[in-house]
Amino acid sequence: MSELQIGTDYLGVSTGFLTRITDGTQRIVQSTGDHPLLQPGEECPLEDAYCQRTVEMDGVLSVQDADASGEIADVAVETFGLETYIGAKITVGGELYGTVCFADRDGRTDPFTELEELFVELLAERIGKALERESYEVELAQQNRRLEAEKQRFEGIADASTDIIFRIDSSAEFSYVSSAVDRVLGYDPAGLVGTSFLEVFVSTDVEESLELYQRVQGGEVIEGVELTLETAGGEPRVFEVNAQPFDNGIGGEAGIQGVARDVTERKERRRELEVKNRAMDDAEVGIVIADATQDDLPVTYVNEKFCELTGYDREAVIGTNCRFLQGAGTDPESVAALQEAIAASESVSVEILNYRASGVAFWNEVTVTPVENAAGETVQFIGFQQDITARKRREQLLDVMNRVLRHNLRNKMNVVLGGTTGTTDAEQVVVSAAEDVISLADRARELHAAAQADRNPERVDIGDAFDDLQQQFADEHPDATVEGVVDTSRDVVAGSEVAAALSEVVRNALVHDPTDDTAVTLAAHDDGDEVTVTITDDGSGINEMERAVVESGTESPLEHGSGLGMWFVNWVVTRYGGVFQIASRDDADGTVATIRLPAAGADDDVLAVARRPTTLGS
């Protein structure tokens with residue numbers, strides 16, 4: 001080092017050396033002279049060196065006669081044999097680096113001058129600054145190498161990515177664009193550098209894009225913003241853009257950097273999915289989706305129609321199995337058919353009796369279809385549910401009419417045949433039987449017409465209905481008593497045919513009582529969200545088989561009613577979501593018929609109160 005040679009010449013000594021002190025050890029870095037222990041690479045403990053005292057001092061240590069001086073350790077003098085010594089410590093970045101020293105084996109007559117000490121002190125400072133600058137340059141070079149390596153790594157990753165990675169400088173021009181811009185938009189990446197980023201945005205998004213650029217320049221980070229970019233051919237594509245401010249931290253490039261991902265197809269798929277979801281949500285059939293990959297097939301989706309059909313809220317259904325719709329009247333064979341098809345991942349369609357949240361039964365046509373993934377594994381089951389109660393009611397009604405008509409016609413023919421054999425009033429027997437058959441046929445037509453007529457829920461004033469019944473039967477049965485008691489201010493919600501149903505119950509009581517002075521009491525009272533109507537008579541009572549048939553809603557060859565009157569009542573009441581029951585009185589002779597129908601107050605919306613038809617059984 002030239003500084004050491006200058007120092008030895010200036011100070012008139014034979015040796016100059018620069019040390020590096022780390023962890024209590026002195027190592028020679030540079031030197032002049034031929035002293036064997038002061039050559040580059042030589043080391044010794046600091047405590048055995050002349051420099052120990054030097055690094056402890058703030059200024060310069062100078063010794064003209066080491067043997068006589070108390071500043072130098074005896075071991076150092078014995079080891080190095082230097083009588084003359086002058087040195088100063090070197091600091092780099094405020095930390096001890098080492099020392100710069102000058103020495104000679106011979107002692108000096110005169111001590112080092114102030115100027116000589118100042119020379120060494122300034123030389124130490126100069127070397128320290130040179131080392132500091134060198135260290136900075138080394139660090140800077142290393143940092144530049146790291147930055148270049150990071151840049152190459154970044155560009156390698158960017159070029160492999162399907163996303164467009166970009167940087168835009170403070171002049172709103174591209175300073176870098178990854179090669180994906182060629183694959184995705186058809187632009188040459190190098191050709192975009194130096195051009196305004198607004199040139200690749202369609203006109204409708206230019207203003208928004210500029211506003212976003214200014215926000216990011218102001219320090220804001222944006223994520224997931226959708227913007228429309230144009231391909232080189234002029235085709236608009238939708239991109240999801242994330243961007244943040246960029247500054248390389250060393251006074252160079254600054255602006256914004258970000259990533260743009262082409263989401264055109266994803267957005268289109270999402271739009272299609274939304275359309276499909278809306279179609280499912282708005283479908284006129286109940287739709288259920290169950291997860292086939294989990295035990296017990298939990299429900300993951302139901303549409304609004306399903307909730308309307310069953311009365312269950314969506315939150316109450318999600319995560320459960322659809323068996324909650326089953327109840328006491330559900331046919332086990334129908335359930336088994338569903339379970340077997342689902343276990344085999346096969347489509348199936350069954351008609352099954354289910355129950356709404358209110359406990360009211362309804363006929364449900366259930367179709368279940370498996371959905372497979374790309375590997376052919378069943379991952380979902382989609383169920384379509386449709387209320388077919390109205391159809392099942394019509395089928396059941398036609399079956400009942402067929403059974404009753406055939407049964408009664410056969411009975412009347414037996415009466416005719418028996419009455420015309422050896423009797424004198426055969427003509428009267430035939431006429432009577434014919435009249436009964438005609439009456440039954442008329443009733444059948446009436447019931448069939450009611451089944452075919454449109455269902456039209458409306459308000460029915462039960463008090464007015466009672467008044468009409470009293471007037472009707474006062475004329476038809478003057479010896480009978482028909483009284484009405486109304487203990488409600490609400491109307492019932494049913495069709496106009498409910499008046500005929502009430503009339504049928506009263507007529508049944510009067511006609512089947514052998515006496516003429518039958519007493520019938522009509523009563524109506526509130527019962528929760530319903531009005532309950534009771535029709536009580538003191539007649540001969542109802543046939544037990546007739547009562548069982550009405551309550552079960554079924555007819556069989558071994559168990560059926562004698563006529564269609566009570567079936568007509570049951571049909572009308574259940575058509576409007578009500579319940580009809582008939583039984584013998586507990587307190588006296590006679591029958592009590594009970595009709596429950598939905599109630600509507602003065603401010604209630606009839607359509608909101610109206611109920612769906614229920615099954616014919618109670």
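The largest nonpolar core has 39 residues, of which Val 506, Val 533, Ile 535 and Phe 580 touch the most other members; such a core joins buried Ala, Val, Leu, Ile, Met, Phe, Trp, Tyr and Cys residues through side-chain atoms within 4.5 Å, where buried means under 20% relative accessible area with a 1.4 Å probe and protein chains only. Among the elements that give two or more residues to this core are helix 14 (462-476), helix 15 (498-511), helix 17 (565-575) and strand 21 (530-537), helices being DSSP runs of H or I with at least four residues and strands runs of E with at least two, numbered from the N terminus. Another core, of 26 residues, lies apart from it and includes Ile 164 and Phe 197.

This is a predicted model, in which local features need pLDDT of at least 70 and side-chain atom pairs count only at pLDDT 80 or more, while totals for chains, interfaces and linings use all residues. Residues are numbered from 1 along each chain as its sequence is written, and side-chain values use heavy atoms, with hydrogens and water left out.

Two helix pairs are set out below, with axes fitted to C-alpha atoms over the stretch in contact and angles running from 0 to 180 degrees between N-to-C directions.

| Pair | Axes come within | Crossing angle |
|---|---|---|
| Helix 14 and helix 15 | 10 Å | roughly 40° |
| Helix 15 and helix 17 | 9 Å | roughly 150° |

In the contact of helix 15 with helix 17 (heavy atoms within 4.5 Å), Ala 501 and Val 505 of helix 15 and Phe 568 and Val 572 of helix 17 are among the residues involved. Between helix 14 and helix 15, the residues that meet include Leu 469 and Phe 473 in helix 14 and Leu 502 and Val 506 in helix 15.

Notes: Buried < 20%, exposed > 50% of the residue type's maximum accessible area, 1.4 Å probe, protein only.
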